[in-house]
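Below is a short note for a colleague who has the sequence and the coordinates to hand. The points are numbered so that each can be checked separately.

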Amino acid sequence: MKKFDRRNFLLTGSASIAGLAITPHLKATSSTAPGKPRDIINRKLGTTGIEIPVISMGCGKLDSPAIVKAALNLGITHFDTAHGYRQGNSERVLGEVLSPLPRNSYTVATKIKAQDTEEKFFELLDISLERLKIEYVDILYLHAVSSRDVMLNHVMLNAMKKAKALGKTKNIGISIHKNELEVLQAAIDCSEYDVVLLSRNFKQKHGDKLANKIATAASKGIGIIGMKVMAGGFLDKEKLQPVNCKAALKWVLQDKNIHTTIPTILNLDQLQENASVLKDIELNNDEKALLALNEKQSGLYCNACSQCVDSCRKYLPIPELMRAYMYAYGHRDLTKAKELISELGNGDSPCASCSECSTSCILDFDLKDKITDISRLNKVPADFVA
Amino acid sequence: MTALFRKCIVFISGVLLLVPNAHTQHFPKIETFKKGNIATYTPEELWEYINGAAVYYIDFAFKKLKVIEYRNGPDNYIKAEIYEHSSPIDAFGIYAYERSGKAKYLEIGSQGYLSHSSLNFYKNTCYVKVHSNQKDSLTLLAIREIGYGIAKRIPELSSPKPFDAFPAENRIEYSEKYFASNYLGHSFLFKAREISYTGNKANYQLFRIKNANTKQSLQNLGKYLSFVKSGDSAAEDYLFKLNDMFNGTLFIIAKGPYLYGSIGIEDSFEAESLLQTLIEQSK
């Protein structure tokens, strides 16, 4: 190793320091205390009293304090984590970076899954607060609510309200990964939740219905936060065609009833790209064209919402049949597709006796066509697909 | 088909029925909980089992998951999960990624701990998690029994431990980490091993990054120099001092396919001495 002599040190050291203020998008301030440059677009998060930049940070994979520090420098002030993310390490990393800062300079949301007892719920909440090194979170979500019943479970609803009364959270909410229409309606009817976090992206075929429901919720004062904005991040199963992230974010934010989004940010490059939308949400023609193209390519992945099942006259296991279709055409794994088709045991022409399909798909899949297509595998000997 | 041939077929089939399923041999039988069936998940199916967390495992070259449920009555279960990865360092990586801050470490596998009612450890290419919905003493005992039983069935690895080359003095216990990607938040830094140390004034870290070859090593060093606007060109065998605005003060040197570095050390002589040790012990 060459000796690190003083002359070289001075040359390298001073050049490095000079570089601090120059990087165009990741401009540093003298500390990591966050500021809000005037031209960042903010929206009111329902009636929570929180004014929130349109881009926030999803911390599901967070393992680097550097990204949080960089996000703060760029004007991102809201951070979304969960008790279960990385078995608590996401909350710990956030706590390490945020706890030295003035408490009113950022907002934090965490999530806890429904528990059998209030006691267990508060045990987990207290652990989360300890990891985050704060006395309260700004939003506490009931994590991954997928039905009206779960949402209205009185034990958990009472626990959430109690958490708010005790000052452990300023606001309560629910996060929804599927059955958005049903659960969001339940949240509207219930009138107890301040915020809803839900999947919202350009690929959703039930987008119009969802947008209307979101508008209703927002008009009732519920804060709406969008997640899974990138719709999986790739257009194709081979993961060769990435989604245009800026376009995807801008698309969601065209709806003013979406108050912010929480893309997962893995590195400083992604942060730079996502953060550029903080100040500019206008969707240009190129970006619109990309998204229109993306929609046409999204015909492989069933939502597994099961909304089609009850309306099928034969009660076919449609989500599983769609999974077999995805194995065949998405993964190109005919063996797996055939195994599943054989296991399901619906024969090689399950739709033949129906002149017209009685069921419908929120993603506008031609179910009869896909089921007829994939069921042909029943006629193919196993040796042929191995 | 001759009668003798038919008898052979019947005999072989009978033997196969009696031989335990290879999968179940991974999981021990215990007295207090009854073993269920094994479910297997591939990378494409992992999402069905652990939802969004699947991406973390896939980042660490996940190959296959075997899961079994043990039961003691309708309300008490223990789940044992064996995540198989491509290499021991990947298994370690996901283990450390989820390693709990407050844990009781045990002598199990290559390293393991008990946290609440969950026993996690790694050994060879496997990351194992044994956890329950109950915390009573009978269940905790059963968790340990299952965990140790699984550990015994995973073969030992004869290669050096992943962090043996790092200086031993002043190490912070259980601070070893492996980052498959995005080390320090930078997309060009990956496959990084890191340990934290207690220093005179402040804690610091040492790291070693393995690139594909010398060319890639210098390319990635160049990207880092460019990020901090150093103005210098990447070169091998030269100790660079960087002020990374989000990670603090770093010293970094390229040696063949490796990048060696320190974070949080201010003094160049101290950094040089420690990194020299790491380089020598890595040979």
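1. Just after helix α7 of chain A, A:S191 takes a positive phi of about 60 degrees. The coordinates come from a predicted model, and every remark below should be read with that in mind.

2. The buried residues are A:E180, A:L181, A:V183, A:L184, A:A186, A:A187, A:I188 and A:C190. An α-helix has 3.6 residues a turn, so residues three or four places apart point the same way. The elements that cover the buried residues of α7(A) include the helices α5 (148-151), α6 (154-165) and α8 (207-219) of chain A, together with the strands β7 (169-176) and β8 (195-199) of chain A.

3. Chain A has an open sheet of 8 strands with parallel pairing, in the order β3-β4-β5-β6-β7-β8-β9-β10. Its edge strands are β3 (57-58) and β10 (260-261) of chain A, each of which pairs on one side only. Within this sheet, strand β6 (residues 137-143) of chain A runs parallel to β7(A), and 5 bridges join the two. A:I139 is found opposite A:N171 of β7(A).

4. Which backbone atoms does the side chain of A:T169 reach? One is the backbone oxygen of A:V137, at 3.4 Å, and another is the backbone nitrogen of A:L140, at 3.3 Å. A:T169 belongs to strand β7 of chain A. A:T169 has a relative accessible area of 2%; the cut-off for buried is under 20%, so A:T169 counts as buried. Leaving aside residues up to four places away in sequence, A:T169 touches A:Y136, A:V137, A:D138, A:I139, A:L140, A:A163 and A:K164.

5. Two charge-over-ring arrangements in chain A can be inspected directly. A:R103 lies over the face of A:Y136, at 4.2 Å from the ring centre. A:Y136 is also among the residues that A:T169 touches. In the other arrangement, the charged end of A:K370 sits over the ring of A:F365, 4.6 Å from its centre.

6. Chain B has an open sheet of 7 strands with antiparallel pairing, in the order β1-β2-β3-β7-β6-β5-β4. β1 (34-41) and β4 (104-106) of chain B stand at the edges with a single partner strand each, so one side of each has no neighbour in the sheet. From one strand to the next, the twist averages 15 degrees. Helix α5 (residues 137-153) of chain B packs on this sheet and touches β2 (62-71), β3, β4, β5 (111-115), β6 and β7 of chain B. The direction of α5(B) makes about 165 degrees with that of β7(B).

7. Over all chains, a search of the whole structure finds 24 aromatic pairs. One of them is the edge-to-face pair of B:Y95 and B:Y127, at 6.1 Å centre to centre and with 75 degrees between the planes. This pair links distant parts of the chain: B:Y95 is in helix α4 (residues 88-98) of chain B and B:Y127 is in strand β7 of chain B, 32 residues apart. B:Y95 is buried, with a relative accessible area of 0%, and B:Y127 is likewise buried at 0%.

8. B:Y95 and B:Y127 also belong to one aromatic cluster, whose members include B:Y57, B:F62, B:Y83, B:F92 and B:Y122. Further members of the cluster include B:Y105, B:Y113, B:F163, B:F166 and B:Y174.

Key
Residues numbered from 1 in each chain as written. Chains lettered and ligands numbered in written order. Predicted model: local features only at pLDDT ≥ 70, side-chain atom pairs only at ≥ 80, totals over all residues. Heavy atoms only, no water. Phe/Tyr/Trp six-rings, centres within 6.5 Å; stacked < 30°, edge-to-face > 60°. Helix = DSSP H or I, 4+ residues; strand = E, 2+ residues; numbered from the N terminus. Buried < 20%, exposed > 50% of the residue type's maximum accessible area, 1.4 Å probe, protein only. Lys NZ or Arg CZ within 6 Å of the ring centre and 35° of its normal. Pairing = 2+ DSSP bridges. Axes fitted to C-alpha atoms, helices over the stretch in contact; angles between N-to-C directions. Contact = heavy atoms within 4.5 Å. Polar contact = N/O pair within 3.5 Å; in protein donor to acceptor, adjacent residues only side chain to side chain.
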